[in-house]
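Good morning, and thank you for coming.

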Amino acid sequence: MKPKHIALALLVAALWGINFVAIKIGLKDFPPFLLSALRFVAVLVPMVLFVGRPCVSWRWILSIGFVFGVVKFGLLFLGMDLGMPAGLSSLVLQAQALFTVIFAAILLGERLRPAQLAGIALATGGLALIGFERLQETSLIGLALVVAAACAWGYANILMKQAKAPNMLNLIIWVAVIPPLPMLGLSYAFEGPDRIMATLSSLNWSGILSVLYIAWASTIIGFSLWVYLLRLYSASVVAPFSLMVPIFGIGASALFLGEQLSVLEVAAGVLTLAGLLFVVYTPKSATPKPASGTGVHAARS
């Protein structure tokens, strides 16, 4: 990859890592299902009129919208609301890469090259060390919900691949049409109309800015840059940068939320980065593909 494209990939990872801080701040002002609904509404308002008609059939939009939008985000926001720290959440959610590989092997018969498997194993080992170190700081139910969210994300990646969308940005914007109503229904059922009205009637700037960051910076800007990179390079080159998300997430959580980093976590972060570089710079994956390709691996949060 060219240095400027590596810089863009790292920028996207930073936007997505900081996103977990924005979610944690947003959960102070909104209940989790309502926050998730507002996140998708905020994506739709500026974008749906500019992306054109859906580039895939509605059956794919509905299925991906449910699995990725409703299940994945619902579980993630609920898990964080129930005690999962922002930094640890950014780490655990990257288990989506492992679930994606498992689902691809079972459902699609795909195999990764030995060099990629070794790099992913090395990076995953670093992530596991961070998780082991920080596990004592979170509740078991919160952790289980975020792991389940990662599993849903992995399956959504398979659905996105099967959809064969010629324009991934178009797909992700239209997918955002699906979650708001189900999320509002879940909010009404579990969070109650009184809490919804009390929340909306006492909005403050921290809550509003958190929703705007989650929707615009993380989703619209982050995913637009990600799709741009996938048009220049194969998914095997770009996708490993998603492993940097928890590094930025844990760092931003320490800076803005006061979550502490241990020596082991720092060392594990270095191990994760080493694994990422090993995967990215394998000879076969370093060759850009034609600009007409898009690749398939969503790594946003």
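The side chains of Glu191 and Ser187 are joined by a polar contact of 2.5 Å. Please bear in mind that this is a predicted model. Glu191 belongs to helix α9, which covers residues 180-191. Its side chain also reaches the backbone nitrogen of Phe33, at 2.7 Å.

Is Glu191 buried or exposed? Its relative accessible area is 11%, and buried means under 20%, so Glu191 counts as buried.

Which residues does Glu191 touch, leaving aside those up to four places away in sequence? They are Pro31, Pro32, Phe33, Leu34 and Leu186. Consider Leu34 in particular: Leu34 and Glu191 are 157 residues apart in sequence, yet their C-alpha atoms are 8.3 Å apart in space.

Let us now turn to a pair of helices. Two packed helices are described by the angle between their axes and the distance between those axes. Helix α5, residues 96-108, packs against helix α7, residues 140-163, at an angle of about 50°, and the axes lie 8 Å apart. That angle makes α5 oblique to α7. The crossing of the two helices, α5 and α7, is right-handed.

Which residues make this contact? From α5 come Gln96, Phe99, Thr100, Phe103, Ala104, Leu107 and Leu108. From α7 come Val147, Ala150, Cys151, Trp153, Gly154, Tyr155, Asn157, Ile158, Lys161 and Gln162. Sorted by class, the contact of α5 with α7 comprises eleven nonpolar, five polar and one charged residues.

Thank you for your attention.

How values were computed: Residues are numbered from 1 along each chain as its sequence is written. This is a predicted model: local features need pLDDT of at least 70, side-chain atom pairs count only at pLDDT 80 or more; totals for chains, interfaces and linings use all residues. Side-chain values use heavy atoms; hydrogens and water are left out. Axes are lines fitted to C-alpha atoms, for helices over the stretch in contact, and angles run from 0 to 180 degrees between N-to-C directions. Helices (H or I, at least four residues) and strands (E, at least two) are DSSP runs, numbered from the N terminus. Angles under 35 degrees count as roughly parallel, over 145 as roughly antiparallel, 65 to 115 as roughly perpendicular and the rest as oblique. A crossing is left-handed if the near helix is turned anticlockwise from the far one by less than a right angle, and right-handed if clockwise. Contact means heavy atoms within 4.5 Å. Ala, Val, Leu, Ile, Met, Phe, Trp, Tyr, Cys and Pro count as nonpolar, Asp, Glu, Lys and Arg as charged, and the others, Gly among them, as polar. Buried means under 20% relative accessible area, exposed over 50%, partly exposed in between (1.4 Å probe, protein chains only). A polar contact is a pair of N or O atoms within 3.5 Å; within protein, one must be able to donate a hydrogen and the other to accept it, and residues adjacent in sequence count only if both atoms are side-chain atoms.
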